[in-house]
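Open the model in your viewer and keep the selection tool ready. The stops below go residue by residue.

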Amino acid sequence: MGEASMKAQYAILRFAKYKGPEIGHIESHNERTKEKYASNPDVDTSRSHLNFHLVTPQRKYRAESERQIAEAGCRTRSDSVRVVEALVTASPEFFKGKKKAEVKAYFTEALDFIREHQDPKTMLYAMKGG
């Protein structure tokens, strides 16, 4: 196959805001602690062993976010955003044929990019999902 027939590849960075109880849901999803993922059939638990942390959570996500908010002296309301999640991925074609070390290098470089724009002390976790 010539280069002209290859699909374009894209890096993807998406943000989502979380206010309270749903923080526990993103934690159980990310850490694969739920037994069934009926709401998200894309989760393949047989690949969970391929997950690895780039930043390991020190506490439960919500507890750590509340600690950081209190330490910073911020006032919050019940509808205040507590956590902003950044999802880093790429178009599926990008990952085809890549070795595990190459995939890890991609996510490590993405994390370094985010660290340039966000105080690393405020990062609750960073992980690569399988």
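Select E64 to begin: at 8% relative accessibility it counts as buried (buried means under 20% relative accessible area, exposed over 50%, partly exposed in between, with a 1.4 Å probe and protein chains only). This is a predicted model, where local features need pLDDT of at least 70, side-chain atom pairs count only at pLDDT 80 or more, and totals for chains, interfaces and linings use all residues. Residues are numbered from 1 along each chain as its sequence is written, and side-chain values use heavy atoms, leaving out hydrogens and water.

R59 is partly exposed, at 41%.

Next, select E66 and R82. Their side chains form a salt bridge of 3.0 Å, N to O. This pair links distant parts of the chain, 16 residues apart: E66 sits in helix α2, R82 in the loop between α2 and β3. Helices (H or I, at least four residues) and strands (E, at least two) are DSSP runs, numbered from the N terminus. E66 is partly exposed at 26%, while R82 is buried at 17%.

Move to R77 and D79. Their closest N and O atoms are 3.1 Å apart in a salt bridge. Salt bridges that share partners also join R59, E64, R67 and E71 into one network.

Which residue has a side-chain polar atom 2.8 Å from the backbone nitrogen of R77? Select S80. S80 is buried, at 17% relative accessibility.

How values were computed. Polar contact = N/O pair within 3.5 Å; in protein donor to acceptor, adjacent residues only side chain to side chain. Salt bridge = Lys/Arg side-chain N within 4 Å of Asp/Glu carboxyl O.
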